[in-house]
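Here is a structure to look at. Some questions about the words used for its parts come after it.

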Amino acid sequence: MSDEHIDLEGAPFLKDKTAGLYEPAGSKTLEQSAQRSTKQNRETAASIPQWEAWREAASRIKAYALSNLDKLLVEFERNITARGATVLYADNAQEANQHVLDIARRHHVKTVVKSKSMVSEELELNHKLDAAGVRAVETDLGEYLVQLAGQRPTHIVTPALHLSAEDVGNLFSEKLGEPFTTEHQKLTDIARRHLREDFLRADMGMSGVNFAMADTGTICIVENEGNAGLSTSTPPLHVALMGIEKVIPSIEHLPIFLNLLARSGTGQKLTTYTHLIHGATPGKELYVIILDNGRTNVLRDPASRMSLACIRCGTCLNACPVYRRVGGWAYGWVYPGPIGSVITPHLVGIDKAGTLPFASSLCGYCGEVCPVKIDLPHQLVHLRHRAVNEPSPMNSLRQRVTWQLWSWAMSGPKRYRAAMAMVRLGVRTAKWLPWHFWELGAWTRGRELPQVPGRPPFRDWWRKNGAQLKPQAPHTETSPGDEQS
Amino acid sequence: MIVPRQSSPPQWDYPKYRPGEPVALFIPCYIDQFYPQVGEATARLLTRLGVPVVFPEGQTCCGQPAFNSGYWEEARRVVRRFCDTFAVHRWIVCPSGSCAAMCRVFFGHVDPDDRIVEVGRRVFELSEFLVEAMGVTDTGATFPHKVTLHVGCHSRRELGVIDPPLRLLESVRGISYCELADAEDCCGFGGTFSVKMPGTSLAIGRTKAENILRTGADVVVSPDISCLMHVHGIMQRDPAMKHVRAMHLVEVLVAEGDGQK
């Protein structure tokens, strides 16, 4: 795993403990469009009677695949190799990058056209290619914009979600010398014109893989812009990158996943293009690089395993109230949102990313929308448990002592009473404190404290009045006038 | 073979409450201390409906704050104490969806012991107990106000309690119900999240507060007063939102009918 580009400490969102709210530019756009997507997703799901059956099936297929990766990957390799492809394995980012650089060198590659691949973001591949003197061009429109701007994607499906048309107009005039415009059609035309040249010039195309079918040795790539089709077929050489978890047992399982992925990711019934690549086209070369890069760490933790079932639809990002406010960069690495908070600690280490599972109100919306039924909210709590017990930024002595005191105080009614009396006193006197610190300061930054009631705690009331509460005649339909106290 | 751990809409096989069976009240710590009227209303309402109510005095907390913060070992001790306290009670009713979810859904994570899980399963959120276990939707209340409803995410997604609060409110005399936009979105409280990431928590809360204001309701009601502690706390800071009152659902369900205001 390469450490050099992991900047979790510097992730603005995670630095924000009690300081200002981090909002990426255009966050209102992000909030609204993410919310719109979620609403649309819920309507779609509700309109399909078999939606839950699909989710259940997809989840079980993935669970089976994850239990049988050793066999399925070998089967996939055997079948796709039989049709002329070369399969390479990589334990980590360095190995994968080395494979790509070796292939590029062997074929004297100068320009690479890339269609969208989150794995290549994990590898920081563009930087590596750049350093080796190979020009890599992102051809997915969103990725293209983000690359031109020198940024990271802010969303795994819609990478440039944070850029407005005006931002794009400025970007094109600054980087490409085009006249400024905010018209969507004109902007798209500009990108198309520039990208066409690169497609024709490229000596190598790269892509991700959405699904790899073991029984037929097929890779499936879905897209909407046609750039993946051009990237994988125009140059004489195609290198596909996939994580080990992308393999599914059979091509017969594919339709369920396509149904779920398009509807969840973009609200479409099916993506505009679905490419099935069964092997190398005669006269051309196909490499498939299969990457671990920390994924076996996830397999090793039974409570987290199902997070590898993720099909990268991005729905959990859209549904997440935290993601909607802070955007993708705040998470510090490649995968944002709830799924990022769950897999990043495994992929880069809980010692670096232990804060991420805490970036959630545990509202559970992510789990509700996940098309493959990943138990995201519960996995977040599981990782919190790990983060406070293993070396991580969240393993803090102050917290430990606080919670041990809490645990002691909550382990007997007398202690409880005494502790609660102190809390009440604290809340009562807080308004006279010159300044509020720690958690108190965090609360009163934008909220009033609850009023300490004039009446005693419930348990005291009960002692006095509990015995007098006599159940009235078992409930029958009453009219409001019947009630007397 | 991996056992899939999945997220699905919870579907409980609710046991049916038989008249005369005693119910143990679990009154969460923050209600006990800061909203005692909610506990009182719960006790009065159940009594009025003919339910014999007991309050096991050894109770403290369900362990959720420590559990959600990752301190499961510290939570375990409190969870075990909860189970000892409530071991003999068949029905345990709690006026908080979040605490009920801790008991019913999360006890097994803290301590997979059968006894612990089994006690946790006997805990019901008040509105689901009334509607699903007792079959009561009309509590005989009168509350002539404009009311909107916020159902907390633990009630909604961990317990699947979406319908019961609504059906109870519908039967209240004189009430004028105002639908809340984006009701399925979180309020941003999230327990310790509210003080760990206060900027984000407040930003989420402000959206909820704006939506509540937009309904035109005078009162926002919830089966989870903890959400309202946060949202209403935000609203109190804003002169334009200050007039909206926050109440627990049960306070509305006993309104006027038994002499309470």
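Predicted model: local features only at pLDDT ≥ 70, side-chain atom pairs only at ≥ 80, totals over all residues.

Residues are numbered from 1 along each chain as its sequence is written, while chains are lettered from A and ligands numbered from 1 in the order in which they are written.

Q: How do you know that the length of helix α5 (residues 93-106) of chain A agrees with its number of residues?
A: Helices are DSSP runs of H or I with at least four residues, numbered from the N terminus. The expected span is 1.5 Å times one less than the number of residues. For the 14 residues of α5(A) that gives 20 Å, and the end C-alpha atoms are 20 Å apart, so the two agree.

Q: Which residues of α5(A) are called buried?
A: A residue is buried if 20 or more other C-beta atoms lie within 10 Å of its own, exposed if 12 or fewer, and partly exposed in between, with C-beta atoms placed from the backbone. The buried ones in α5(A) are A93(A), A96(A), N97(A), V100(A) and A104(A).

Q: Why are the buried residues of α5(A) said to line one face?
A: The arc is taken from the directions from the helix axis to the C-beta atoms. The buried residues of α5(A) fall within an arc of 100 degrees, so they line one face of the helix. Exposed D102(A), R105(A) and R106(A) sit on the face turned away from the buried side.

Q: What makes β2 (53-54) and β4 (123-125) of chain B edge strands?
A: Strands are DSSP runs of E with at least two residues, and two strands pair if DSSP finds at least two bridges between them. The open sheet has the order β2-β1-β3-β4 (chain B), with parallel pairing. β2(B) and β4(B) each pair on one side only.
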